[in-house]
Amino acid sequence: TQSTRPQRLLSAVQKNATRGDPCSVVKAIDQFCRSKEWAMNVGDEKGCILDSVVSELNPTTVLELGTYCGYSTVRIANLLPPHAKLITLEFNPDFAAIARQVIAWSGLEEKVQLVEGASGDLIPKIKQDFGVQTFDLVFLDHWKDRYLPDTKLMEACGLLRKGSILLADNVICPGTPDYLEYVRSSPRYESQYFKSHLEYTKVEDGLEKSVFLG
Ligand SMILES: O=C(NCCCCCn1ccnc1)c1cc(-c2ccc(F)cc2)cc(O)c1O
Ligand SMILES: [Mg+2]
């Protein structure tokens with residue numbers, strides 16, 4: 001039977017990266033996506049912007065919406081302090097199965113909790129089921145039409161506090177127009193656009209960083 005792109009990406013990690021070395025896992029995925037097959041990881045260019053936001057914030061609680069193969073999960077977890085926790089939600093069980101193996105190969109399982117399911121169903125359960133009260137950082141990288149409803153849901157569930165940071169991928173390509181309009185016009189957010197490119201291409205894309213003002 002035919003392998004899937006996530007399976008081929010995982011094979012490239014297991015072949016070219018060193019177990020327990022998150023940087024080599026990130027490098028192996030970027031090399032695979034540049035030289036073999038494009039895949040929808042945040043990528044190296046936007047990944048550097050992600051790294052700088054994480055490093056500056058030094059978060060202890062992080063929520064990632066959209067794990068895919070775990071590329072950004074590994075980038076973020078690699079920069080977290082010892083007892084910090086990253087919860088990552090993935091709807092697609094095939095993606096989740098690959099991501100678990102990529103995260104394990106990087107040796108960062110201790111810092112990561114991957115939960116399978118729909119963000120709309122899981123977000124209201126986070127406080128009771130995962131022992132997190134609020135998130136210092138949320139990385140949005142799942143279905144683009146879920147960014148806005150899930151942001152409103154996180155507000156309603158009290159998962160954001162004054163100073164919480166939302167960092168959203170793909171605000172230009174594929175685009176999240178309703179979300180962008182909301183965080184840029186709402187008095188409850190201070191937003192900033194980081195211009196970049198769609199992963200592994202010359203197409204414009206960028207990250208929107210929005211601080212929740214409470
Ligand atoms: O759709 C994307 N991500 C969501 C994947 C499914 C999420 C499932 N899920 C997880 C949790 N809840 C639901 C995405 C797409 C593209 C892209 C850009 C150009 C193009 F021509 C084709 C594709 C680039 C990205 O960087 C992306 O992130
Ligand atoms: Mg993305």
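Predicted model: local features only at pLDDT ≥ 70, side-chain atom pairs only at ≥ 80, totals over all residues.
Reader: Which residues of α1 are the buried ones?
Author: They are P6, L9, L10, A12 and V13.

Reader: And why do they line one face of the helix?
Author: Looking down the axis of α1, you find its buried residues within an arc of 155°, so they line one face of the helix.

Reader: Nice. How many residues does α1 have, and how far does it reach?
Author: Helix α1 runs over residues 5-16, which makes twelve residues. From its first C-alpha to its last it reaches 16 Å, close to the 16 Å expected at 1.5 Å a residue.

Reader: Switching to the sheet: what is the order of the strands?
Author: The order is β3-β2-β1-β4-β5-β7-β6, in an open sheet of seven strands with mixed pairing. At the edges are β3 (112-116) and β6 (189-197), each of which pairs on one side only. From one strand to the next, the twist averages 15°.

Reader: One more: are β1 and β2 parallel or antiparallel?
Author: Strand β1 (residues 61-65) pairs with strand β2 (residues 85-90) in the parallel sense, over five bridges.

Reader: Which residue in β2 is the bridge partner of L65?
Author: That would be L89.

Methods: Residues numbered from 1 in each chain as written. Chains lettered and ligands numbered in written order. Heavy atoms only, no water. Pairing = 2+ DSSP bridges. Helix = DSSP H or I, 4+ residues; strand = E, 2+ residues; numbered from the N terminus. Axes fitted to C-alpha atoms, helices over the stretch in contact; angles between N-to-C directions. Expected span 1.5 Å × (residues − 1). Buried < 20%, exposed > 50% of the residue type's maximum accessible area, 1.4 Å probe, protein only. Arc of directions from axis to C-beta.
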